[in-house]
Amino acid sequence: MSDIIRLLPDSVANQIAAGEVIQRPASVVKELVENAIDAGAHHIDVSVTDAGKTCIQVIDDGKGMSETDARLAFERHATSKIREASDLFALHTMGFRGEALASIAAVAQVELKTCQEGDELGTALTIAGSKVESQEAVTCRKGSNFAVKNLFFNVPARRKFLKSNQTELSNILAEFERIALVNPDVSFTLHHNDTEMLNLPATQLRLRIMGVFGRKLNQDLLSLEIDTTMVKIHGFIGKPETARKKGARQFFFVNGRYMRHPYFHKAVMDAYEHLVPVGEQVSYFLYFEVDPANIDVNIHPTKTEIKFENEQAIWQILSAAVKETLGRFNAVPSIDFDTEGMPDIPAFDASPYSVVQPPKTSYDTSYNPFNTSSVVPPSAYSSYTPKPSAEWEPLFQGLEKKQQAPAWPSEGPDFPEEAFPETSASPVPEEEPTLYDEHPAEAVKEKVAQHYQYKGSYILTSVKSGLMIIDQQRAHTRILYDRYMRQLESHQHVSQRMLFPDMVHFSPAEVPVLEEIMSDLNDLGFDLSSLGGGTYAINGVPEGIEGLNPETLVTNMVQTAIEKGCKVKEEIQSLLALSLAKAAAIVPGQVLTNEEMNSLVDGLFAASTPNYTPDGKVVLSVLKEEDLEKMFR
């Protein structure tokens with residue numbers, strides 16, 4: 001029997017490693033920028049073409065590499081930071097695994113120019129598919145200049161699964177944000193297709209956060225700092241009143257590295273219990289410093305999930321620090337004793353010469369409640385003459401109508417047949433009552449003029465088969481969704497101009513997503529114009545959303561598009577229509593007039609699918625007549 005186990009060629013092994021390390025263009029940007037920071041760079045320029053699919057260029061002013069180091073850097077497991085196994089547990093830098101450059105070179109065409117300070121000549125190296133094509137001495141400035149072209153050119157299956165340019169660019173910007181937030185002392189620029197998207201000078205941490213996410217965020221942040229023998233934590237947390245359902249900026253970093261940590265996230269959010277509504281989130285930027293020997297960063301290929309040795313103790317420290325910060329900035333009310341400019345109020349004179357008189361009371365000593373002589377006799381009314389009934393009748397009629405309790409009719413006029421075209425085509429047999437599974441109109445053949453609203457949330461009305469109960473918010477969501485979808489499909493919208501435009505700021509990672517859905521937002525009735533730097537003016541909003549916050553609406557729709565990641569235009573349109581319909585629908589507890597309830601019911605049964613909301617939630621239910629009768633037997 002022949003041997004079946006063999007060693008893989010380096011080119012194949014590198015492609016396998018690339019599958020773990022290099023998942024998309026954003027992975028290349030992350031690895032190259034982290035290497036530049038480890039090289040001591042003070043300024044890093046990143047330029048991408050076609051969202052990194054065509055070219056990614058990273059230029060830094062770090063210490064550069066010698067001719068030999070430049071060649072060895074592309075070999076597997078080549079590193080300048082590990083000499084023995086124990087070094088794995090004492091690392092303070094990021095690019096240490098020694099696979100990144102080899103993995104990139106295995107699936108792309110790489111050009112490198114690098115020079116060390118003091119050297120007259122640098123090195124130019126060209127590699128494609130792990131094969132060195134050329135190496136020569138060149139004149140170049142100190143530092144390194146990497147150009148990664150045609151990513152996945154030799155792995156067409158991987159390239160085919162890359163997302164749209166807007167999605168891939170958003171991922172690049174997200175990685176770029178994380179690196180920029182943890183290295184405020186390094187200046188960065190980012191260009192996409194020769195357009196500058198970010199220009200971040202070296203600065204303090206708080207100013208770097210504002211540079212990435214906008215200056216408006218500054219007023220929402222509270223400073224946090226705690227120093228223990230186990231962990232040091234510093235950074236910023238959001239004020240409780242800034243909580244929102246979507247789009248909160250939430251970042252954890254440990255020893256200069258971005259991390260995801262659901263356990264520590266719960267520690268932060270538990271500290272906000274009873275301070276923010278359930279389901280809403282606050283922003284935070286928290287930086288941990290721990291002994292590298294007490295963490296393991298290699299439990300995940302991308303090193304974003306990190307295991308701590310003393311997680312429970314750090315959880316308690318973090319939770320206490322957040323609570324203390326919230327109490328220090330919010331819980332203690334301030335008392336202002338500054339009386340400058342206030343009116344002069346004379347002090348109370350409590351001298352013995354000041355006599356205070358008690359209040360005096362008076363009463364009728366002859367009053368007797370049992371004396372019937374004081375009662376007005378009926379004859380006193382004999383001179384009263386009522387006004388003619390014709391004059392008072394309209395007033396009584398109006399009063400009677402207003403005070404009369406809603407009737408509970410069991411019978412009512414039929415719905416007009418033309419309002420329910422589906423019914424005549426395929427009627428539902430009366431002996432088999434239905435819950436509108438196919439023909440909703442048949443079960444509501446008898447439309448009544450009076451509805452009953454229960455607890456401001458449900459509409460109750462009589463139907464042939466029994467008692468119908470409608471969730472008014474879900475019904476309104478169903479109606480609005482259909483309206484917005486018609487607007488998107490027909491490109492006909494009704495926009496209401498704002499007297500004073502609202503301003504909304506998006507992070508660099510959110511801007512490409514916003515631009516991708518901009519035409520759909522326009523079809524819904526939103527009118528946005530870019531002011532530069534990720535800030536947009538909301539000049540117009542869809543008609544009929546009075547009372548809603550336009551900034552929150554637009555932000556939530558962008559976050560929904562990011563979360564769902566839909567590529568098909570129809571799916572994006574459906575998500576936007578549903579997001580806006582949910583925001584604009586009436587809320588539970590809103591009291592409706594009978595006319596409003598009539599309009600809502602009519603609109604619901606004019607919908608194509610009145611039984612369910614667009615996301616599959618039940619809109620109505622029928623309590624059958626026989627079930628009602630059983631309750632009272």
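This is a predicted model: local features need pLDDT of at least 70, side-chain atom pairs count only at pLDDT 80 or more; totals for chains, interfaces and linings use all residues.
## Aromatic pairs

Let us start with the rings. The model holds 17 aromatic pairs. One of them joins F253 and Y287, whose ring centres lie 4.8 Å apart with planes at 15°, so this pair is stacked. The planes of a stacked pair have to be under 30 degrees apart.

Where do F253 and Y287 lie? F253 belongs to strand β11 (residues 250-254) and Y287 to strand β13 (residues 284-289), so their pairing ties together parts that are 34 residues apart in sequence.

Next comes the pair of Y263 and W315. Here the ring centres are 6.1 Å apart and the planes meet at 35°, so the pair is tilted. Y263 sits in helix α8 (residues 262-271) and W315 in helix α9 (residues 311-331), so this pair ties together parts that are 52 residues apart in sequence. Are these two residues buried or partly exposed? Y263 counts as partly exposed, at 32% relative accessibility, whereas W315 counts as buried, at 16%.

## A cluster, and a charge over a ring

Together with F252, F264, Y284, F288 and F308, they form one aromatic cluster.

Another ring to look for is that of Y258. The charged end of R178 sits over this ring, 4.2 Å from its centre.

Now turn to helix α6, which spans residues 165-182 and includes N171. With a relative accessible area of 25%, N171 is partly exposed, because that label covers values between 20% and 50%.

Which residues does N171 touch, leaving aside those up to four places away in sequence? The answer is R24 and A26. N171 and R24 are 147 residues apart along the sequence, yet their C-alpha atoms are 8.7 Å apart in space.

Definitions and conventions. Residues are numbered from 1 along each chain as its sequence is written. Side-chain values use heavy atoms; hydrogens and water are left out. Helices (H or I, at least four residues) and strands (E, at least two) are DSSP runs, numbered from the N terminus. Buried means under 20% relative accessible area, exposed over 50%, partly exposed in between (1.4 Å probe, protein chains only). Contact means heavy atoms within 4.5 Å. Rings of Phe, Tyr and Trp (its six-membered ring) pair if their centres lie within 6.5 Å; planes under 30 degrees apart count as stacked, over 60 as edge-to-face and the rest as tilted. A charge sits over a ring if NZ of Lys or CZ of Arg is within 6 Å of the ring centre and within 35 degrees of the ring normal.
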